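The following paragraphs guide a new reader through selected features of one structure. Please keep the sequence and the model in view while reading.

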Amino acid sequence: MNPLRGGAAVSPSCGRRYALALLCASALAAAPLPGAAAAAAAAAAAAAPAASVQRDEAHDTGAPLAELARGAAARTAPQQMRVFPLRLVTPAMRGRPQAPVRPPSAAAAAAGAEAATSATVAADGAAAGAASASASVSASATPTVASTAAGTAAATGAPRVNTGATLVNIDGVGANSGAPSDANGAVGASQYVQWVNTELAVYDKAGALLLGPVDGNLLFAGFSGSRGADACRLSNRGDPIAQYDKLAGRWVLSQFAWLDADEDSGPYYQCIAVSTSADATGSYHRYVFESRDAANAIVFNDYAKMGIWPDAYYLTYVLFAPLGGSGYFGPQVCGYDRAAMLAGAAALGRCRDLGDSFGPALPADLDGTTPPPAGSANYLLAMDFDGAGHGDTLFLWRYSFAADSLSGPQALAVAPYTIACPSTFGGPCVRQPPPGERLDSVGDRLMYRLPYRNFGDRQVLLANHSVQQPGAPTDGPLGVRWYELRAGPGAGAGPAVYQQGTHAPDALSRWMAGIAMDRAGDIALGYSVAGAALFPGVRYSGRLRSELPGTLEAEAAIVAGAGVQINTFNRWGDYSGMTVDPVDDCTFWYTQQYIANSGRFTWRSRIAAFRFRNCD
């Protein structure tokens with residue numbers, strides 16, 4: 001992180017501490033890696049190593065958050081501004097990919113995908129044809145791959161997506177301790193919690209502020225008993241995640257931490273707070289886990305992402321060497337004992353390193369209140385690309401905390417893509433109006449979350465990532481590639497790609513999206529939007545389940561930007577948050593950042609709620 005000294009931002013060093021940051025990536029050269037086809041021809045992956053065990057370093061139950069907020073000292077001085085480095089994962093950092101487990105044949109997989117599409121269209125009847133006509137989209141020759149070609153709704157016009165107007169549309173937590181915003185949030189029984197970089201706030205469902213913004217580490221006020229507990233209490237580093245456990249009616253909030261004295265060499269920690277009720281302003285069971293790899297070495301647990309599952313809270317990390325050195329060690333998945341943490345008891349964690357052959361992975365996160373089949377392992381998903389930024393593969397694993405088992409990776413063939421901003425492997429290339437700087441795309445990974453939903457007769461996973469628009473020049477305008485994967489009803493059923501599409505209706509860039517599905521099977525997609533003549537704002541689109549597979553409707557605006565970002569080292573938000581209301585299982589809540597006034601550290605965040613008309 002880079003403080004502002006005397007009002008001037010300190011540029012990230014290309015020295016040892018930031019050797020892995022893509023803020024310095026223009027100096028790095030990457031050799032192309034073998035493509036997915038070559039990997040498919042190799043032998044099956046080697047057996048995964050046994051899980052490493054983590055025990056919480058400390059745990060307790062704190063005072064109600066509202067009480068802690070009342071007792072917190074009011075700020076009397078401006079906060080120190082920091083820039084959080086972007087550690088993208090280049091092909092040069094990765095080893096040769098392990099041999100994935102492929103379906104029996106590519107032809108059989110394609111045939112299965114087309115058969116699944118045909119069956120769904122037939123079940124939905126003539127509504128599909130009528131809906132696709134009204135959506136004004138053109139599908140490619142492959143039914144499961146399409147690029148949105150609908151006209152874009154004017155930023156100030158009425159929404160054209162099939163939702164009507166937004167139900168809530170407010171500014172959330174504003175610029176606080178630096179950039180990027182890391183805007184994300186979750187909706188619960190009666191509240192919405194947003195955590196933006198280093199501050200969180202609680203709102204009711206009408207958009208009224210109930211608590212905050214408060215520093216995220218206030219959750220751990222009074223937490224003691226170990227060095228990790230001290231780090232959770234004393235540091236406020238960001239990279240936050242706000243989640244709601246729909247099966248238990250509890251909030252699960254997390255961020256990483258380390259003490260200033262340990263920045264170069266560690267140890268580093270993940271702090272997790274689990275509420276004792278459905279009230280986000282109430283008390284929390286607090287936990288801290290130290291970050292270690294399978295060899296028990298200290299590693300830096302970057303970019304934590306969470307998935308709620310019946311047996312465990314699953315977190316994935318991107319493992320790097322301690323910040324004083326260099327080295328990429330690949331993704332790690334950890335499962336933490338959900339039952340123990342809900343009870344406030346001592347908790348166990350089990351972790352598996354997926355290896356440095358792969359980029360960042362996401363854990364599946366349950367939507368709705370129908371759990372996965374009994375004994376079902378959590379799904380993990382990552383994307384792949386070569387030295388030129390081209391890819392055609394997703395990697396899938398299954399990891400079970402309860403059974404202590406890991407399977408995969410399985411390679412899922414998808415339509416070819418070029419990652420966003422390939423010249424910097426997902427770094428800055430998004431254009432703004434002058435004098436705005438180029439903005440980061442974080443195009444090297446899938447975007448948070450990986451929503452999972454069980455419909456009984458099928459299981460669904462949704463994923464998205466930022467890509468170069470088809471046919472665009474290198475670092476040209478960006479679009480959002482999205483996927484729906486489907487599996488059968490059994491615990492061991494393996495998913496296949498059911499439909500996919502690239503949302504790129506015009507020459508503007510759309511990137512850093514969040515995706516989710518309601519109980520009717522409709523999909524919503526929210527994202528940042530910007531262009532050479534358009535200030536960075538927030539929009540959304542979506543599709544009814546009866547519409548032509550692989551296509552989205554014309555988009556609608558959530559908020560229009562009114563300025564550009566200047567001299568913030570190209571840092572944009574690293575992720576956003578799309579969640580579904582657990583009460584009606586229809587209303588989507590989305591949060592993302594935008595620019596309201598030109599300048600440095602002038603970003604704001606937005607919170608919006610909307611629903612499709614057919615979900616009732």
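This is a predicted model: local features need pLDDT of at least 70, side-chain atom pairs count only at pLDDT 80 or more; totals for chains, interfaces and linings use all residues.

**A guided reading of the model**

The backbone nitrogen of G550 lies 2.6 Å from a polar atom of the Q499 side chain. Q499 belongs to strand 31, which covers residues 496–503. A second polar contact of the Q499 side chain, at 2.6 Å, is made with the side chain of E484. Q499 has a relative accessibility of 1% and therefore counts as buried, since the term applies under 20%.

Four strands form an open sheet in the order 10-11-12-13, and their pairing is antiparallel. At its edges stand strand 10 (184–187) and strand 13 (209–215), each of which pairs on one side only. Neighbouring strands of this sheet are turned against each other by 10° on average, with direction ignored. Strand 12, residues 199–204, pairs with strand 13 in the antiparallel sense over four bridges. E199 has D215 in strand 13 as its bridge partner.

The aromatic residues come next. A pair of aromatic rings is described by the distance of the centres and the angle of the planes. The model contains 23 aromatic pairs. In one of them, the ring centres of Y303 and Y575 are 5.7 Å apart and the planes stand at 85°, so the pair is edge-to-face; the cut-off for this class is over 60 degrees. This pair links distant parts of the chain, 272 residues apart: Y303 is in strand 18 (residues 300–308), while Y575 is in the loop between strand 35 (556–559) and strand 36 (577–580). Y303 counts as buried because its relative accessibility is 5%, and Y575 counts as buried at 0%.

A further pair joins W511 and W572, whose ring centres are 5.9 Å apart; with the planes at 40°, the pair is tilted. W511 lies in strand 32 (residues 509–517) and W572 in the loop between strand 35 and strand 36, so the pair ties together parts that are 61 residues apart in sequence. W511 is buried, with a relative accessible area of 0%, and W572 is buried with a value of 0%. Elsewhere, ring pairs link F256, W258, Y268 and F300 into a cluster.

Rings also take part in arrangements with charged residues. The charged end of R398 sits over the ring of Y379, at 3.7 Å from the ring centre. R458 lies over the face of F455, with a distance of 4.0 Å from the ring centre.

Notes
Residues are numbered from 1 along each chain as its sequence is written. Side-chain values use heavy atoms; hydrogens and water are left out. Helices (H or I, at least four residues) and strands (E, at least two) are DSSP runs, numbered from the N terminus. Buried means under 20% relative accessible area, exposed over 50%, partly exposed in between (1.4 Å probe, protein chains only). A polar contact is a pair of N or O atoms within 3.5 Å; within protein, one must be able to donate a hydrogen and the other to accept it, and residues adjacent in sequence count only if both atoms are side-chain atoms. Two strands pair if DSSP finds at least two bridges between them. Axes are lines fitted to C-alpha atoms, for helices over the stretch in contact, and angles run from 0 to 180 degrees between N-to-C directions. Rings of Phe, Tyr and Trp (its six-membered ring) pair if their centres lie within 6.5 Å; planes under 30 degrees apart count as stacked, over 60 as edge-to-face and the rest as tilted. A charge sits over a ring if NZ of Lys or CZ of Arg is within 6 Å of the ring centre and within 35 degrees of the ring normal.
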